[in-house]
Amino acid sequence: SDPHAHPDALPPQQQQPERRYRMTAASDDGAAPAGVARDAAEWLMQGFDATVVAMGQSSTGKTHQMFGGGGGTHEHDKPGIASHIFRAVFAAAGAEETASGVREKKR
């Protein structure tokens, strides 16, 4: 037994394997790198998880960067990263439907 192990730690056979994550972009000036939404949408369309994290001090624009200007009320005028990701995913899904000949049934 490991004398340095935490007393509440799970036995080795019950521990999850180590997971590794890849960070594809970062910005130190408060602006989102241009490809963040595109990269996240591509990962999502390939069946992977994608995470966009905004961190910083209070009142530095994290919510504005993620969700756009107007607090969501004017997101069509000033979209944030989340809107760009959603639009890219739906555009790609629509293009795949068109390419495969799948059409939605009219009700």
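The following legends accompany close-up views of a predicted model of one protein chain.

**Figure 1. Overall fold of the chain.** The chain contains three helices and zero strands. Followed along the sequence, these elements give the pattern α-α-α. Of the 107 residues in the chain, 12% are classed as buried. The accessible surface of the chain amounts to about 9500 Å², and 53% of this area belongs to carbon and sulfur atoms. Among contacts between residues at least 6 apart in sequence, 36% join residues at least 24 apart.

**Figure 2. The buried face of helix 1.** Helix 1 spans residues 36–45, and Val-36, Ala-37, Ala-40 and Ala-41 are buried within this helix. Viewed down the helix axis, the buried residues of helix 1 fall within an arc of 125 degrees, so they line one face of the helix. The cover over these buried residues includes helix 3, which comprises residues 81–100.

**Figure 3. Confidence of the prediction.** The mean pLDDT of the chain is 79, and 83% of the residues reach 70 or more. Among the elements of the chain, helix 1 has the highest mean pLDDT, at 89. The lowest mean among the elements, 85, belongs to helix 2, which covers residues 62–67. Where pLDDT is low, predicted coordinates should not be read in detail.

How values were computed:
Residues numbered from 1 in each chain as written. Predicted model: local features only at pLDDT ≥ 70, side-chain atom pairs only at ≥ 80, totals over all residues. Heavy atoms only, no water. Buried < 20%, exposed > 50% of the residue type's maximum accessible area, 1.4 Å probe, protein only. Helix = DSSP H or I, 4+ residues; strand = E, 2+ residues; numbered from the N terminus. Arc of directions from axis to C-beta. Contact = heavy atoms within 4.5 Å. Areas by Shrake-Rupley, 256 points an atom, 1.4 Å probe, with all protein chains shown as cover. pLDDT = per-residue confidence, 0-100.
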